[in-house]
Amino acid sequence: MMDIKEAISGRRSTRDYTAQAVDDEAIRRLIDAAVHAPNASNGQPWTFTVVRDRRLLDRISDDAKSHMLATLPAGPGSDRYRTMLSEASFQIFYHAPALILISGSAQRPWVVEDCALAAENLMLAAYGEGLGTCWIGFAQGFLNTSVGKNALGLPDTWVPVAPIIVGHPKTEIAPVPRKEPETRWIG
């Protein structure tokens with residue numbers, strides 16, 4: 001069993017995957033880890049949508065790229081993303097074999113926070129199993145539109161929060177240096 005400190009410091013965002021599928025049992029274990037996340041008043045508002053249809057992932061990638069390009073604010077901070085999203089060959093899911101979308105199925109306070117905590121548990125559990133993950137922020141805006149929700153058959157009332165790709169990493173990812181945190185002590 002992997003030490004939690006090792007998982008926290010070792011997990012990286014993976015953007016290069018083998019074609020090997022992630023089996024159903026592994027996905028079930030990741031979701032089981034996710035549902036053990038802390039959540040407000042034990043409301044457990046999450047729903048998990050597992051997508052492995054490559055054509056659907058390609059279509060959502062194209063639609064999400066168009067949505068992002070149409071909604072990105074102007075400015076130098078967006079130029080890098082605009083260039084990346086304009087490339088026809090760029091697929092926002094990095095051709096990962098699976099997407100697990102964590103959505104909030106209830107209109108409650110803290111649904112986003114609850115789903116984000118579930119996502120972290122899922123990503124740490126994946127690392128513990130030798131799998132790679134990456135939270136795909138490029139998909140979030142589009143998946144929160146009626147067209148995006150419809151593409152995955154999500155009810156209008158659900159809030160897509162965490163699109164997490166999962167797969168077998170092609171290579172090990174080197175640690176990224178962390179800045180010293182700004183810490184304020186009061187009292």
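Strand S4 and its surroundings

A: Start at Ile 165 in S4, the bridge partner of Cys 134. The model is predicted, so local features need pLDDT of at least 70 and side-chain atom pairs pLDDT 80 or more, while totals for chains, interfaces and linings use all residues. Residues are numbered from 1 along each chain as its sequence is written, and side-chain values use heavy atoms, leaving out hydrogens and water.

S4 covers residues 159-167. Helices (H or I, at least four residues) and strands (E, at least two) are DSSP runs, numbered from the N terminus. Eight of the nine residues of S4 are buried, so the rest of the structure largely encloses this strand. Buried means under 20% relative accessible area, with a 1.4 Å probe and protein chains only.

Now the partners. Strand S2, residues 98-104, pairs with S4 in the antiparallel sense, over seven bridges. Pairing requires at least two DSSP bridges between two strands. Leu 101 has Pro 163 of S4 as its bridge partner. Strand S3, residues 132-135, also pairs with S4 in the antiparallel sense, here over four bridges.

Step back to the sheet. Four strands make up an open sheet with antiparallel pairing, ordered S1-S2-S4-S3. S1 (46-51) and S3 are the edge strands; each has a single partner strand, so one side of each lacks a neighbour in the sheet. On average, neighbouring strands of this sheet are turned by 25° against each other, direction ignored.

A helix covers part of this picture. H2 packs on the sheet and touches S1, S2 and S4. The direction of H2 makes about 160° with that of S1. Contact here means heavy atoms within 4.5 Å. Angles run from 0 to 180 degrees between N-to-C directions; axes are lines fitted to C-alpha atoms, for helices over the stretch in contact.

H2 has a helical partner too. H2 (residues 24-34) packs with H5 (residues 111-128) at an angle of about 135°, and their axes are 7 Å apart. From H2 come Leu 30, Ala 33 and Ala 34; they meet Ala 118, Asn 121, Leu 122, Ala 125 and Ala 126 in H5. By class, this contact of H2 with H5 holds seven nonpolar residues, one polar and no charged ones. Nonpolar covers Ala, Val, Leu, Ile, Met, Phe, Trp, Tyr, Cys and Pro; charged covers Asp, Glu, Lys and Arg; the others, including Gly, are polar.

Terms used: Buried < 20%, exposed > 50% of the residue type's maximum accessible area, 1.4 Å probe, protein only.
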